[in-house]
Amino acid sequence: MMQILLFGESHEFTSMVLDELSRTRARVIISQEQEGAMALLSCHRFDTVMINVRPIGMGGAADLGFFRFLHTNYPGTHAI
(Lines give C-alpha, C1' and ligand atoms only; values in the text may rest on other atoms or scores of the structure.)
Protein backbone atom coordinates (compact mmCIF):
# COMPACT_ATOMS: atom_id res chain seq x y z
CA MET A 1 0.00 0.00 0.00
CA MET A 2 1.35 3.43 -0.94
CA GLN A 3 2.20 5.69 2.01
CA ILE A 4 1.56 9.42 1.42
CA LEU A 5 2.36 12.36 3.67
CA LEU A 6 0.09 15.30 2.89
CA PHE A 7 1.56 18.58 4.16
CA GLY A 8 -0.30 21.85 3.90
CA GLU A 9 -1.28 24.56 6.34
CA SER A 10 -4.56 25.16 4.53
CA HIS A 11 -7.38 22.98 5.86
CA GLU A 12 -9.22 23.56 2.57
CA PHE A 13 -6.26 22.16 0.59
CA THR A 14 -5.77 19.10 2.78
CA SER A 15 -9.51 18.33 2.80
CA MET A 16 -9.77 18.60 -0.98
CA VAL A 17 -6.73 16.41 -1.63
CA LEU A 18 -7.74 13.88 1.03
CA ASP A 19 -11.16 13.60 -0.57
CA GLU A 20 -9.56 12.78 -3.93
CA LEU A 21 -7.07 10.34 -2.40
CA SER A 22 -9.81 8.51 -0.52
CA ARG A 23 -10.67 6.84 -3.83
CA THR A 24 -7.27 5.16 -3.88
CA ARG A 25 -5.84 2.43 -1.71
CA ALA A 26 -3.16 4.76 -0.34
CA ARG A 27 -2.58 5.36 3.35
CA VAL A 28 -2.54 9.12 3.88
CA ILE A 29 -1.18 10.94 6.92
CA ILE A 30 -1.78 14.69 7.21
CA SER A 31 0.44 17.33 8.78
CA GLN A 32 -0.55 20.98 8.83
CA GLU A 33 2.74 22.14 10.36
CA GLN A 34 6.24 21.82 8.94
CA GLU A 35 7.69 20.62 12.24
CA GLY A 36 5.09 17.86 12.37
CA ALA A 37 5.84 16.80 8.81
CA MET A 38 9.55 16.62 9.62
CA ALA A 39 8.85 14.52 12.73
CA LEU A 40 6.64 12.15 10.74
CA LEU A 41 9.34 11.74 8.10
CA SER A 42 11.85 10.78 10.79
CA CYS A 43 9.75 7.86 12.06
CA HIS A 44 7.72 6.66 9.03
CA ARG A 45 8.62 5.70 5.47
CA PHE A 46 6.60 7.55 2.84
CA ASP A 47 6.53 6.87 -0.88
CA THR A 48 5.32 10.38 -1.65
CA VAL A 49 5.05 13.72 0.10
CA MET A 50 2.43 16.13 -1.26
CA ILE A 51 3.10 19.75 -0.33
CA ASN A 52 0.89 22.80 -0.70
CA VAL A 53 3.42 25.46 -1.73
CA ARG A 54 2.17 28.90 -0.78
CA PRO A 55 3.14 32.17 -2.50
CA ILE A 56 6.56 33.49 -1.43
CA GLY A 57 5.12 36.42 0.57
CA MET A 58 2.77 34.09 2.45
CA GLY A 59 5.16 31.39 3.65
CA GLY A 60 6.27 29.94 0.33
CA ALA A 61 9.96 30.41 1.10
CA ALA A 62 9.59 28.04 4.07
CA ASP A 63 7.69 25.58 1.86
CA LEU A 64 10.54 25.61 -0.67
CA GLY A 65 12.98 25.09 2.20
CA PHE A 66 10.98 22.01 3.15
CA PHE A 67 11.42 20.70 -0.41
CA ARG A 68 15.20 21.14 -0.02
CA PHE A 69 15.12 19.38 3.38
CA LEU A 70 13.12 16.52 1.88
CA HIS A 71 15.43 16.01 -1.11
CA THR A 72 18.56 16.25 1.04
CA ASN A 73 17.45 13.90 3.81
CA TYR A 74 15.01 11.58 2.00
CA PRO A 75 16.23 11.41 -1.61
CA GLY A 76 14.15 8.31 -2.45
CA THR A 77 10.87 10.00 -1.50
CA HIS A 78 8.84 11.58 -4.29
CA ALA A 79 7.73 15.17 -3.69
CA ILE A 80 4.70 16.66 -5.37
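Where is the place of His44? I found His44 in the loop between helix H2 (34–43) and S3. I am working from a predicted model, so I note that before going on.

**Entry 1: His44 and Thr77**

I looked up the accessibility of His44 next. His44 has a relative accessible area of 34%, so I list His44 as partly exposed. I then checked a residue 33 places away along the chain, Thr77. The C-alpha atoms of His44 and Thr77 are separated by 11 Å.

Thr77 also sits in a loop, the one between helix H3 (60–73) and strand S4 (78–79). Is Thr77 buried or exposed? Thr77 is buried, because its relative accessibility of 11% is under the 20% cut-off. I listed its contacts, leaving out residues up to four places away in sequence. Thr77 touches Phe46, Asp47, Thr48, Val49 and Leu70.

**Entry 2: the sheet**

I traced the strand order. Four strands form an open sheet, in the order S2-S1-S3-S4, with parallel pairing. S2 and S4 are the edge strands, and each of them pairs on one side only.

Then I went through the pairs. S1 (residues 3–7) is joined to S2 (residues 27–31) by five bridges, and the two run parallel. S1 also pairs with S3 (residues 48–51), again in the parallel sense, over four bridges. S3 and S4 pair in the parallel sense over two bridges.

Which residues stand opposite Leu5 in S2 and in S3? In S2 I found Ile29 opposite Leu5. In S3 I found Val49 opposite Leu5. I followed Val49 on to S4, where its bridge partner is Ala79. Val49 is also among the residues that Thr77 touches.

S1, helix H1 (residues 11–21) and S2 make a right-handed β-α-β unit.

**Entry 3: how S1 is covered**

How many of the five residues of S1 are buried? I counted five of five, which makes S1 a mostly covered strand.

**Entry 4: salt bridges**

I looked for salt bridges and the count came to two. One joins Glu20 to Arg23, with the closest N and O atoms 3.0 Å apart. Glu20 is partly exposed, because its relative accessibility is 48%. Arg23 has 59% relative accessibility, so I count Arg23 as exposed.

Asp47 forms a salt bridge with Arg45, and the closest N and O atoms are 3.0 Å apart. Arg45 is exposed, because its relative accessible area is 61%.

**Entry 5: a nonpolar patch**

Which residues make the nonpolar surface patch of about 250 Å²? I noted Val53, Ile56 and Leu64. I followed up on Ile56, which lies in the loop between S3 and H3. Ile56 has a relative accessible area of 57%, which is over the 50% cut-off, so Ile56 counts as exposed.

Terms used. Residues numbered from 1 in each chain as written. Predicted model: local features only at pLDDT ≥ 70, side-chain atom pairs only at ≥ 80, totals over all residues. Heavy atoms only, no water. Buried < 20%, exposed > 50% of the residue type's maximum accessible area, 1.4 Å probe, protein only. Contact = heavy atoms within 4.5 Å. Pairing = 2+ DSSP bridges. Right-handed = clockwise from strand over helix to strand, strands pointing away. Salt bridge = Lys/Arg side-chain N within 4 Å of Asp/Glu carboxyl O. Patch = residues over 30% accessible without salt bridge, like charges linked within 9 Å, V, L, I, M, F, W, Y side chains within 5 Å. Areas by Shrake-Rupley, 256 points an atom, 1.4 Å probe, with all protein chains shown as cover.
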